[in-house]
Amino acid sequence: MNILTFPTDAELNEAGAGIITGLVQTKPNAVLGLATGSTPIGIYREIIRTFRKGMVSYKQVTTFNLDEYVGLEPSHPQSYANYMREHLFDHIDASPDRLHIPNGAAADPAAECARYDALLDGCGQIDLQLLGLGHNGHIGFNEPDHSLVRGTHVVALREQTREANARFFDSIDGVPTHAITMGVGTILKAKTILLVVKGADKAEIVHRALTGEITTEIPASLLQTHPHLVVLLDAEAGRLFR
Ligand code: F6R
């Protein structure tokens with residue numbers, strides 16, 4: 001496990017984008033696992049900046065997003081499909097047919113999960129999985145539980161997660177109750193995992209997850225078992241590692 005703490009947000013974002021663009025420069029057909037939420041926005045911005053400088057092309061890259069809300073059409077402003085277009089996909093030269101996000105509006109969500117897993121299997125292995133961290137230790141939308149699911153599945157969102165994400169909606173009532181998420185087994189199968197955590201409100205959970213007991217009650221604690229885990233923290237989130 002390689003834990004790096006950065007004094008400024010700009011330096012963290014540059015480092016995160018550097019790891020991703022460096023991979024794509026050396027492996028143009030890399031398979032990337034992508035995350036949404038507030039955390040990676042600055043990294044995506046930096047990726048776009050280096051793309052505009054002509055430093056890297058994403059034409060052959062395949063991507064798989066971690067999750068999507070059940071019940072939201074891809075065109076919904078708060079869907080993760082829309083987030084990805086807005087924050088990354090519309091600004092780089094990626095091939096739309098290689099960009100995968102679970103379809104939250106699928107009539108049969110269980111069949112959609114099976115379809116997503118088949119796509120993932122067809123791609124072999126994710127080269128780099130980008131992750132944020134939930135306040136309760138979730139990764140993707142794998143919420144704390146007495147057991148965790150290996151593959152893509154439908155999950156009921158915890159109240160704490162819905163409250164945390166209500167800031168993106170008009171009110172908490174608008175936040176979907178369920179999501180489709182990649183499973184922890186798929187996440188752990190990635191060759192490299194890049195966990196990014198920002199903010200004082202996550203200092204305790206990231207410290208517990210990476211130094212405490214490995215337990216399904218803190219899904220991110222399973223990342224301790226991964227042989228190639230890189231963790232990028234801002235000064236606030238990294239406070240307890242000093
Ligand atoms: C998003 C995701 C979630 C977020 C986590 C942190 O695709 O899978 O696990 O990474 O909820 O969200 P932010 O970054 O908004 O604090």
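Me: Which helix is T26 found in?

Reply: T26 belongs to helix α1, residues 9–26. Helices are DSSP runs of H or I with at least four residues, strands are runs of E with at least two, and both are numbered from the N terminus. This is a predicted model, in which local features need pLDDT of at least 70 and side-chain atom pairs count only at pLDDT 80 or more, while totals for chains, interfaces and linings use all residues. Residues are numbered from 1 along each chain as its sequence is written, and side-chain values use heavy atoms, with hydrogens and water left out.

Me: Is T26 buried or exposed, and why?

Reply: Buried means under 20% relative accessible area, exposed over 50%, and partly exposed in between (1.4 Å probe, protein chains only). T26 has 67%, so T26 is exposed.

Me: Which backbone oxygens does the side chain of T26 reach?

Reply: The backbone oxygen of G22 lies 3.1 Å from a polar side-chain atom of T26, and that of L23 is reached at 3.0 Å. A polar contact is a pair of N or O atoms within 3.5 Å; within protein, one must be able to donate a hydrogen and the other to accept it, and residues adjacent in sequence count only if both atoms are side-chain atoms.

Me: How many disulfides are there, and what sets the count?

Reply: The rule asks for a pair of cysteine sulfur atoms within 2.5 Å. The count is zero disulfides. C113 is in none; its nearest cysteine sulfur, in C123, is 17 Å away. Seen from C123, the closest cysteine sulfur, in C113, lies at that 17 Å, so the two are too far apart for a bond.

Me: What are C113 and C123 called, buried or partly exposed?

Reply: C113 has 4% relative accessibility and therefore counts as buried. C123, at 29%, is partly exposed.

Me: What is the order of strands in the open sheet, and why do β1 and β5 count as edges?

Reply: Seven strands lie in the order β1-β10-β9-β6-β2-β3-β5, with parallel pairing. β1 (2–6) and β5 (99–100) each have a single partner strand, so one side of each lacks a neighbour in the sheet.

Me: What makes β3 and β5 a pair?

Reply: Two strands pair if DSSP finds at least two bridges between them. Two bridges join β3 (residues 62–65) to β5, in parallel, and F64 stands opposite H100.

Me: Which strands are joined to β8, and how do they run?

Reply: Strand β4 (residues 67–69) is joined to β8 (residues 178–181) by three bridges, antiparallel, with D67 opposite T181. Four bridges join β7 (residues 153–156) to β8, also antiparallel, and V155 faces A179 there.

Me: Which residues come nearest to the ligand?

Reply: T39, D67, H138, G140 and K202 come nearest, of 14 residues around the ligand; a residue is near if one of its heavy atoms lies within 4 Å.

Me: How do you know that the chain agrees with a compact globule?

Reply: The globule rule is 2.2 Å times the number of residues to the power 0.38, and the radius of gyration is taken over C-alpha atoms. With 242 residues, the rule gives near 18 Å; the chain has 17 Å, which agrees. Of those 242 residues, 53% count as buried.
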